[in-house]
Amino acid sequence: MAEPSLTLEDLWPCLQGIIPAAMSTCSRDGTPNISYVSQVYYVDASHVAISFQFFNKTHRNVRENPLACVMVHDPRTFHTYRLGLRYRHSESSGPLFEAMSLQLQAIASYEGMSEVFRLRAADVYEVLHIEHVAGFTRLPALPPSERTSPLMIDADLVSLRLIAEHLNRTDSLEALLEQVLKLLDERFGFRHAMILVPDERQAKLLTIASRGYPEHGVGSEVGMGEGLIGMVARARRTLRLSAIDHSLRYARAVRRRAKAVAGPDAVSREIPLPGLTGAASQIAVPLVVRGRLVGVLAVESPQSMAFMPREETLLTIVAGQLAAGIDHLGREADEAPPLQPAHATPLRVSAAAPTRRFRFFHADETVFVDGEYLIRNVPGRILWRLLTRHRDEGRTEFTNRELRVDSWLRLPEIKDNLESRLILLRKRMELKCPDVRLVPRGRGRFALEADAKIELSEQDR
């Protein structure tokens, strides 16, 4: 029996791709066809979209006979609903197509299948009616308190106001990053989160702050266009995946088929999920200031459907404030006044102190400490410059401004968040050599401190 009270918003959990939907169509001569689709995409209160990738028969049928039927399932109760659809049009460009394509590519990139998983069109259907399929399961319906549509935004304005107030009072970039992750955890329950910034070549994203992970994630890298985070950075659009494990099973099945048909060289390497092992849900929000990407805020959860429109809205608001803060505080640090001429002030280290041996490899601009990888690229060059200037001149205090005008460092002419590179460097040193430190000394100033002797060596290759 039709249930007029049912809406697409009530079926939101059914539209997350956790349980594949079955789509039925008929050709002009009445020949039926049933295909499984990975997701029925919510467009608005009366329309859904189906991705046109492989289902050529379905695509042809609805152009001959526009009526279709889709069976969707609630993954929490296994209740089943029948959607009566009418095909309206296809979109091969525009916001809807881009959003669906981006989601598809994010999943495909984990499996090295970006060239195989290509969205050809987004087929848009009008929802004519929704029916609950009675008797499909004996599980009870959810209580009213759990049936609230996730499209409705909860009363989180107080928490957003408190976050804004805290961020506005923060006077350093490092404190800003730590504070926003702490508040997202405490106010909204986002336990696993990280902030990444692009490298100087805009080819990778580097993690400069994280919270909720068993291992220190600072310094981990994600390539532009790799996985959800890399796709968000490249497209500069928010993206969330509500059932990564289910989507990856689908992608891996296609991967196995492609390898069997075209050979192992037909697909690229599988990209590991960054951050949380076994993440079931991910959401990433680009941090953009006046069209310029300054980073990505990524949140993960081991629970499916952890991120809905409410969470996306909250994170988008916070991301806007975070992006502005990264840009403003980074610029303030770079504008600190220069130091007065300094006298040589060698580090005072006891004769019994241990020795830290730093080695710089010019070929790939990498710094190792005691034989272990420490840092590379811009942060690596910065560290080596500071260590050699201390060795040669006895310097222990430095400023952001002098680093920016130092031609040996070859920093980009366009501002590229020098302060974030220094944060990454400080945190990597805390992890790998805590007895040699870079300590902030006010806005745009820092000092080299050590409780160990320092030995330096270089190698061309």
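**Burial, pairing and packing in a predicted model**

Modeller: Helix α4 gives way to Gly-189, a residue with a positive phi, near 75°. The model under discussion is predicted.

Colleague: What makes the span of helix α4 close to the one expected at 1.5 Å a residue?

Modeller: Helix α4 covers residues 173–188, which is 16 residues. The expected span is 1.5 Å times one less than the number of residues, and for α4 this comes to 22 Å. From its first C-alpha to its last, the helix reaches 22 Å, so the two values are close.

Colleague: Which residues of α4 are buried?

Modeller: The buried residues of α4 are Leu-173, Glu-174, Leu-176, Leu-177, Val-180, Leu-181, Leu-183, Leu-184, Asp-185 and Phe-188.

Colleague: What makes helix α5 mostly covered?

Modeller: Helix α5 spans residues 227–235, and seven of its nine residues are buried. These are Gly-227, Leu-228, Ile-229, Gly-230, Met-231, Val-232 and Ala-233. Just after the helix, Arg-236 adopts a positive phi of about 60°.

Colleague: Why is Gly-291 called exposed?

Modeller: The term exposed requires a relative accessible area over 50%. Gly-291 has 51%, and therefore counts as exposed. The residue belongs to the loop between β12 (281–289) and β13 (292–301). Its C-alpha is 9.0 Å from that of Arg-236, although 55 residues separate the two in sequence.

Colleague: Why is Asn-377 classed as buried?

Modeller: Buried means under 20% relative accessible area. The value for Asn-377 is 18%, so the residue counts as buried.

Colleague: Where is Asn-377 found, and in which helix?

Modeller: Asn-377 lies in helix α8, which runs over residues 377–393. Beyond its neighbours within four places in sequence, the residue is in contact with Glu-200, Arg-201, Asp-364 and Glu-365. Asp-199 is 178 residues away along the chain, yet the C-alpha atoms of Asp-199 and Asn-377 are separated by 8.6 Å.

Colleague: What does helix α8 lie across?

Modeller: Helix α8 lies across β14, β15, β16 and β20, and runs at about 100° to β16. Helix α10 (residues 418–432) lies across β14, β15 and β16, at about 170° to β16.

Colleague: In which order do the four strands of the open sheet stand?

Modeller: The order is β16-β15-β14-β20, with mixed pairing. What identifies β16 (372–376) and β20 (453–459) as edge strands is that each pairs on one side only. On average, and with direction ignored, neighbouring strands of this sheet are turned by 25° against each other.

Colleague: Why is strand β4 described as largely enclosed by the rest of the structure?

Modeller: Strand β4 covers residues 47–52, and five of its six residues are buried, so the description applies. On pairing, three bridges join β4 to strand β3 (residues 41–44), and the two run antiparallel. With two residues between them, β3 and β4 form a hairpin, in which Asp-44 stands opposite His-47 of β4. Six bridges join β4 to strand β7 (residues 121–132), again antiparallel, with Val-48 opposite Tyr-125 of β7.

Colleague: How many disulfides does a search of the whole structure find?

Modeller: The search finds zero disulfides.

Colleague: Why do Cys-14 and Cys-433 count as buried?

Modeller: The cut-off is again under 20% relative accessible area. Cys-14 has 6% and is therefore buried; Cys-433 has 0% and is therefore buried.

Colleague: How many helices and strands are there in the protein?

Modeller: The protein has 10 helices and 20 strands. Of its 461 residues, 51% count as buried. Among contacts with a separation of 6 or more, 70% involve residues 24 or more positions apart. The accessible surface comes to about 21800 Å², and carbon and sulfur atoms account for 51% of that area.

Key: Residues numbered from 1 in each chain as written. Predicted model: local features only at pLDDT ≥ 70, side-chain atom pairs only at ≥ 80, totals over all residues. Heavy atoms only, no water. Buried < 20%, exposed > 50% of the residue type's maximum accessible area, 1.4 Å probe, protein only. Contact = heavy atoms within 4.5 Å. Disulfide = S-S within 2.5 Å. Areas by Shrake-Rupley, 256 points an atom, 1.4 Å probe, with all protein chains shown as cover. Pairing = 2+ DSSP bridges. Axes fitted to C-alpha atoms, helices over the stretch in contact; angles between N-to-C directions.
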